[in-house]
Amino acid sequence: MRRNQVAVVGAAETTELGVIPNTSQIQLHADAALNAIADAGLKLSDIDGFATAVETPQQVAHYLGITPTWVDGTSVGGCSFMLHVRHAAAAIEAGLCKTVLITHAESGKSNIGRTPRMVGPDSLNGQFELPYGVTTPASMFPIPVLRYMKTHGITHEQIAMVAVVQREWAAKNPRATMKTPITVADVLNSRMIAYPFRILQCCLVTDGGGALILTSADRAGDFPNKPVYILGTGESVETPMVSQMQTFDSSRAFKVAGPLAFKEAGITHKDVDHLMIYDAFAHLPLYGLGDLGFMPHEETGKFIASGHTRPGGKLPLNTNGGGLSYMHSGMYGMYALQESVRQMRGIAPAQVPGAKISVCHGVGGMFAASGTIIFTNER
Amino acid sequence: MAEPARAKPKPTPETQHFWDGTQANELRLQRCDACANVYFPPRPFCPSCASRKVSVFKASGTGRLYSYVIHHRPAPGFTPPYAIAVVELDEGPRMMTNIVECPQTPEALELDMKLEVAFEKLDDKITLPLFRPAKG
């Protein structure tokens, strides 16, 4: 895909984040969509392309009153929205539609009007994983981490620092769910969920949503907010069964999507001013730093423990507080994208001064899928 | 009503040989006749070279502990804390399992420890392949 041909011209989250007991999941979609439309200075009737995940596009498009000429219902977990951005950029460039709305919402905490996620007993997951007592993502996502730690020489304290540093970012963000500072000792003494991970190394469970509006970069000057251009994109999938990953030492889906995006963007790692790596659990930023090629996996733990990703560090990472401290409604990728857009617009609560390039990397399922979007505010 | 039981697999035509195997206390894998790739989970073709000429064979039932979590939250049919593990079989493929006849602690569950299959009969149709520390 050609660089900087498509721009984000509208971006917004739901009016509230956290616990929203008075709103159903589909209305959270609508709330986010209406906020993004207002942010872009558009009307719903201007939207001719629509993408969403979990819910079908027809459900949400009809609820909103949209008649699209292009739809994308890619639903590969929390990074679905990165894939939507990539697909939307290609569709806009190909002339299939002009103005794309992408929505996410989840009543993850309050569970109002939530779409159930079922695993059948005759599916491969149902036959070869479910019988061994896997339940929530917390029982599955950390399964690779002990092997990762042994292979790469990563310590429990280093992984605990992921949560500590992200809480430092969250403290700067009025909309973050958890803002109280924590220490490595706090993390390592918090309630055990799935050894080696404790509750402070697991994502929050909240309600919320977000929406993005994309259009051709040539039109981007006509909108009220600073356009944010799509510089590079990548995507891949591996396996819905965490036990069947090629290796636990890295993520194949990350290693495909990340480098694709860097190649398309034509940038090196030194060019990156701001980085988001979807952190459903505390090991994900380590996998991301290694698999996206920022450094060898052996150095990821030390890099974070040395403070290079904290406020004022050389590689600001997960600057909204991440899924660990900002919010996590179930599919966090949308919120990572929102933070990258805020950073590129220069309006983030914990703004990285002068940031020009933002890398936003998402995971879907338990390392099942991946999407990477590289944004810039310069064309 | 009895206590909620653990989730029970339901075989499909492509996986039936595996579950017939565990019923007979055999761990059955598939090997590609064309490229000799051994793979799991079951399917009637080789995911490496796409050949449909594949054979079912009885695996050694031994392997090593590749990784695990010790889950501390409730799950139907389990008493927390319990380990959810991935075993790497000597033939190469990995599979999810539980480790039995072993304390469910980080001290007892050492990565790369040798394991052997221990069949657990759930009912007349389904026997699960669990693993225990290898003897000797």
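## Chains A and B: packing and contact

The buried residues of helix H6 of chain A pack against strand S4 (62-71) of chain B. This is a predicted model, in which local features need pLDDT of at least 70, side-chain atom pairs count only at pLDDT 80 or more, and totals for chains, interfaces and linings use all residues. Residues are numbered from 1 along each chain as its sequence is written, while chains are lettered from A and ligands numbered from 1 in the order in which they are written.

**Helix H6 of chain A**

- H6(A) covers residues 145-152, and A:Val145, A:Leu146, A:Arg147, A:Tyr148 and A:Met149 are buried there (20 or more other C-beta atoms within 10 Å of a residue's own, with C-beta atoms placed from the backbone; 12 or fewer is exposed, in between partly exposed).
- Just after H6(A) comes A:Gly153, with a positive phi of about 70 degrees.
- Helices here are DSSP runs of H or I with at least four residues, strands are runs of E with at least two, and both are numbered from the N terminus.

**Where the chains meet**

- Chain B brings 29 residues to the contact and chain A brings 27 residues (contact: C-beta atoms, placed from the backbone, within 7 Å).
- On the side of chain B that touches chain A, S4, strand S5 (82-89) and strand S6 (94-97) give two or more residues.
- S4(B) gives the most to that side, with 6 residues.
- By class, this side of chain B has 17 nonpolar, 7 polar and 5 charged residues (nonpolar: Ala, Val, Leu, Ile, Met, Phe, Trp, Tyr, Cys and Pro; charged: Asp, Glu, Lys and Arg; polar: the others, Gly among them).

**Chain B as a whole**

- Chain B has 1 helix and 8 strands, running α-β-β-β-β-β-β-β-β from the N terminus on.
- Its radius of gyration is 16 Å, close to the 14 Å that the globule rule gives for 136 residues, so chain B is as compact as a globular protein of that length (radius over C-alpha atoms; rule: 2.2 Å times the number of residues to the power 0.38).
- Of the 136 residues of chain B, 33% count as buried.

**Helices H9 and H10 of chain A**

- H9(A) (residues 252-265) and H10(A) (residues 284-291) pack at about 50 degrees, with axes 9 Å apart (axes are lines fitted to C-alpha atoms over the stretch in contact; angles run from 0 to 180 degrees between N-to-C directions).
- H9(A) and H10(A) are therefore oblique to each other (under 35 degrees is roughly parallel, over 145 roughly antiparallel, 65 to 115 roughly perpendicular, the rest oblique).
- A:Phe254, A:Lys255 and A:Gly258 of H9(A) meet A:Tyr287, A:Gly288 and A:Asp291 of H10(A) in this contact.

Notes
Contact = placed C-beta atoms within 7 Å.
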